[in-house]
Structure formats: C-alpha cells, structure tokens
Amino acid sequence: MSTLTDRPAPDAPVLPRRSLLSRLTPNLETLPTLAAVVIFIGMVVYGEIAYGRIVQASTISNLLINNAYLIILAVGLTFVILTGGVDLSVGAIIAISSLIGVMLANSGWNPIAVMVIMILIGSAFGVFSGVLVQYFNVQPFIATLAMMFLGRGLASMLSTTPERLADDSPIRSLSTEWKVIDGPKINDLITTPNVLIAVLVVAAAFVVLHKTRLGRTVYAIGGSEQSALLMGLPVVRTKLMVYVISGTLAGLAAVVYTSKLGIAQNITGVGWELDAIAAVIIGGTLLTGGAGFVLGSVVGALVLGLMNVLITRDGSIPPEATTIITGGILLVFVLLQRLVVSRKRKT
C-alpha cells in the first residue's frame, strides 16, 4: 500500500527559503520614508530630554493645527513629484485665492460659495499648468514658474495691503477648537475642522494612489513614461489630472490658512512651495518619480513643523537658521535618494 508524500519531483527546482532577516529588511524604496520616521522620533526624544513638555497632548494638537495647510500642500505635491514633475505655483495660488476669498466674504458673499471659488481658483491654475506641460511640452519647472509669477502679479494688482477677514465670518469657524481630551491644566488634546479636513485629504489621497487606476498610472509614469504609454495607460489624462489635484489642494490650503489667520495679502505663501516640496522629499518621495508614499509626505511636514517648535523652545537659535537646517536635512535626504536610485540600478 503506497502513501502520498509532499516530496518534490527529482527535476523540480528547489526555491530558496527567505530568511527571517531578509523578510525584516526594508525595501529600498521605503528606506527614505523610514529614515524620516526615525528622524521625527529622534527629534521628539531630543526635544523631550532637552526642553521637556514635547510628548504631551497640547504639543501634538498645536503641531497638527499649525501645519494643516502644509500637510494639504504636501499631499498635492506628492502626486506631481511621483510623476517626475514639480509645481512651483502653489504658494502663489494661496495668495490669490485667499485675497479673492477675503474680499468676496467682506462684500457679503455666501461663505460656502466663497470657499468653493477659492478652491476652483486653484483648480484653474492647475489646469493651465497641466495644459502647458502636457500639450505644449513646456518643462514643469518653467510652466509652474510662469503660473507662480501670474498668481503673484494678480494678487499684487488686487491689493498690496493686508485684507482682514471679519471676526464673525463663518469661514473662521473652520478654525474653531474642539476639545477631544480634557487634560490636566492646559494639556488638552484639541482639534479643529481644518485638521479633520487635512486628515480626510490624506486618507483620500492614500486610497487614490494605492487603490485606483489613477494612482497606479501615476506611479507608472514616474517609473517610465514611455513604458506607461506602451502599456496603454492614460498618460495624458493622468499628467493633466495631477496638476489639477495639486492646484485644487492649494486652493483648499488657502481656505484652511485664511480661516485660521483671518488675513490675506499678496505676499502670503512666499516660499511655501519650497516647504511643501521639502516635506515631500523628506518623506521619501523620489525627485525622479515612481516611488514614494503620501503618508511619508505627512511625516515630512511634521518634521518641518516640529523643527520650528524646537527652535522656538531653544530660544538661542535665530529664526533665520530654520532655512539653513531645512536645507541641511533636505540635502541629506537627496543624497539618500541618490543612494537608493543607484542601488536599484545595480539590482
């Protein structure tokens, strides 16, 4: 009587088992994102040891509330950079959108209509940038730089003095603080509608990038646009869409920022496009495109926000040093990305 066994046939190839170490070793593409997480945790530990009162509910609340607009901007830039492009117009979009929004609100327009118009202004800038890039073969740097100058010019034509939103404007209600946890003294966990908007944007972007055809096409274009075309993917529509997404989220960031500060002027958002790009790169998205995570961009934005908190707590570091430190961190991550790319080519 014969018995059946699970022994492989004599000529069948024997596949090597993956060792536990190889299973735990992070993928090269996730290495920059993991480095950002390690840096963030290291900054938290250092801040708690050096200054104290970092690991507490109020600090976490302020970090999220103060950087909600930057998180939204970083999410939009993630889509663009994943395709190998760049968008330099988002800061100018915030300036023109916030100015028009405040002026319309102070003129008695319906607040919901005002916020929709602010977002649509960003969408319009995104459409123009996408058309220039895709249909006129203009380099993304030049196309979005032109849109940045256009936005700044229009904002300066509207007003060169700060425009203040009325304190009783319903738009300001987006920055209303909600107490989630009542902690001891002032150590409360607080959130605002703006933070919830940022969380919803991150969640939606995660689903789009990882669960939809649009997201898969975005990664494919960044990996190789020519290969994506040969596979029959909708490259033209997708490249146009990523700039529309970036512009739309910049308009939404203008709503979030305006509701919090209540002030708009033509110089609002100067340099914010560079902060958003830095957050995306620190979060692990490759400048060449094709690899990165939207959650990594969130970590990158929080790293920049926490860095400002630590510099403020220290007191001896001049605020101007923030730019130098940001540049140093950015340089480290660019070099790390170069290492990852070179290792991928070897494999």
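Start with the lining of the largest pocket in this predicted model: by class, ten of its residues are nonpolar, seven are polar and one is charged. The space inside comes to about 370 Å³. To land in the middle of the pocket, select Leu274, Asp275, Leu304, Thr322 and Thr326, the closest to its centre of the 18 lining residues. Now colour the helices around the pocket. H4 (68–82), H12 (272–282), H13 (294–314) and H14 (321–346) each bring at least two residues to the lining.

Next stop: the second largest pocket, with about 240 Å³ of space. Pick Gln56, Ser58, Thr59, Ile186 and Arg313 here; of the twelve residues in the lining, these sit closest to the centre. Two elements give two or more residues each to this lining, helix H3 (57–66) and H13. Keep H3 highlighted, as four residues of the lining come from H3, the most from any element. Colour the lining by class and you'll get four nonpolar, five polar and three charged residues.

Select Val37, Ile41, Val45 and Ile49, and you have a nonpolar patch of about 360 Å². Zoom in on Ile41, which belongs to helix H2 (residues 31–50). Is Ile41 buried, exposed or partly exposed? Its relative accessible area is 49%, so Ile41 counts as partly exposed, because the exposed class begins over 50%.

Technical notes: Residues numbered from 1 in each chain as written. Predicted model: local features only at pLDDT ≥ 70, side-chain atom pairs only at ≥ 80, totals over all residues. Heavy atoms only, no water. 1 Å grid on protein atoms, 1.4 Å probe; cavity = no way out; pocket = protein on both sides within 12 Å on 5 of 7 lines; lining within 4 Å. Points joined across faces, edges and corners; volume = space filled by probe spheres on them. Nonpolar A, V, L, I, M, F, W, Y, C, P; charged D, E, K, R; others polar. Patch = residues over 30% accessible without salt bridge, like charges linked within 9 Å, V, L, I, M, F, W, Y side chains within 5 Å. Areas by Shrake-Rupley, 256 points an atom, 1.4 Å probe, with all protein chains shown as cover. Salt bridge = Lys/Arg side-chain N within 4 Å of Asp/Glu carboxyl O. Buried < 20%, exposed > 50% of the residue type's maximum accessible area, 1.4 Å probe, protein only.
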